[in-house]
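Subject: Structure for your files

Hello,

Here is the structure I said I would pass on. My notes on it follow below.

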Amino acid sequence: MKFITKRIHAFLDYPVAIALIILPFLLGLGSSHPLALQLSVATGIAAFMLTLLTDHHLGAFRVIPYKYHLIVDFSVAIIFILAPFIFSFQGIDMYYYWINGAAVLSVVSLHKPEQVV
């Protein structure tokens, strides 16, 4: 039951990137390790740039193929899930990364393959 289309994914990208930049400050991330705040902000900036460069209807420059965008999203999900173990994140820092990693992994996993006409 894969239902997330390229169009839906494109509409999610910008708000998610902005949330990754703003939420760490609002939630007070970094209490268990300063990298908990920095990793999210850096990922948010990179995600915003990736979205601008992706070849989909909301991409401004459309130079990165969409399938590579999905590979990057999958990689970020895995890194976010592993980050609390690698960097010893605790409390809100740990849950933030696990929840975001699981959410991104779900979006990528539920992605509907493009129909070639």
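**Helix packing and core**

Helix 3 and helix 4 are roughly antiparallel to each other (an angle over 145 degrees; under 35 would be roughly parallel, 65 to 115 roughly perpendicular and the rest oblique), because their axes cross at roughly 155°. The two axes come within 8 Å. Axes here are lines fitted to C-alpha atoms, for helices over the stretch in contact, and angles run from 0 to 180 degrees between N-to-C directions. Helices are DSSP runs of H or I with at least four residues, numbered from the N terminus.

This is a predicted model, in which local features need pLDDT of at least 70 and side-chain atom pairs count only at pLDDT 80 or more, while totals for chains, interfaces and linings use all residues. Residues are numbered from 1 along each chain as its sequence is written, and side-chain values use heavy atoms, with hydrogens and water left out.

Helix 3 and helix 4 pass in a left-handed crossing, that is, the near helix is turned anticlockwise from the far one by less than a right angle, where clockwise would be right-handed. In helix 3 the contact (heavy atoms within 4.5 Å) is made by Leu 70, Asp 73, Phe 74, Ala 77, Ile 78, Phe 80, Ile 81, Pro 84 and Phe 85. Helix 4 contributes Met 94, Tyr 97, Trp 98, Asn 100, Gly 101, Ala 102, Val 104, Leu 105 and Val 108. By class, there are 15 nonpolar, 2 polar and 1 charged residues in this contact. Ala, Val, Leu, Ile, Met, Phe, Trp, Tyr, Cys and Pro count as nonpolar, Asp, Glu, Lys and Arg as charged, and the others, Gly among them, as polar.

**Helix 1 with helix 2**

Helix 1 (residues 6–27) and helix 2 (residues 35–53) have axes that come within 8 Å and cross at roughly 160°. These helices are therefore roughly antiparallel to each other, and their crossing is left-handed. On the helix 1 side, the contact residues include Ala 17, Leu 20, Ile 21 and Phe 25; on the helix 2 side they include Val 41, Gly 44, Ala 47 and Phe 48. The contact divides into 13 nonpolar, 4 polar and 1 charged residues.

Gly 44 of helix 2 is buried at 0% relative accessibility. Buried means under 20% relative accessible area, exposed over 50% and partly exposed in between, with a 1.4 Å probe and protein chains only. Not counting residues up to four places away in sequence, Gly 44 touches Ala 17, Leu 20 and Ile 21. Gly 44 and Phe 80 are 36 residues apart along the chain, and their C-alpha atoms are separated by 12 Å.

**Helix 2 with helix 3**

For helix 2 and helix 3, the axes come within 12 Å and cross at roughly 180°, which makes helix 2 roughly antiparallel to helix 3. Leu 35, Leu 39, Thr 43, Leu 50 and Thr 51 of helix 2 meet residues of helix 3 that include His 69, Asp 73, Phe 80 and Phe 87.

**The largest nonpolar core**

A nonpolar core is a set of buried Ala, Val, Leu, Ile, Met, Phe, Trp, Tyr and Cys residues joined through side-chain atoms within 4.5 Å. The largest one has 10 residues: Leu 20, Leu 29, Ala 36, Leu 39, Phe 80, Ala 83, Phe 89, Met 94, Tyr 96 and Tyr 97. Apart from neighbours within four places in sequence, Leu 29 is in contact with Pro 24, Ala 36, Leu 37, Ile 92, Asp 93 and Tyr 96.

**Single residues**

His 9 lies in helix 1 and is buried at 2% relative accessibility. Leaving aside neighbours within four places in sequence, its contacts are Ile 4, Tyr 66, His 69, Leu 70, Asp 73, Val 107 and His 111.

Two loop residues have positive phi without being glycine. Arg 62, in the loop between helix 2 and helix 3, has a phi of about 55° and is partly exposed at 42%. Ser 88, in the loop between helix 3 and helix 4, has a phi near 60° and is partly exposed at 46%.

Regards
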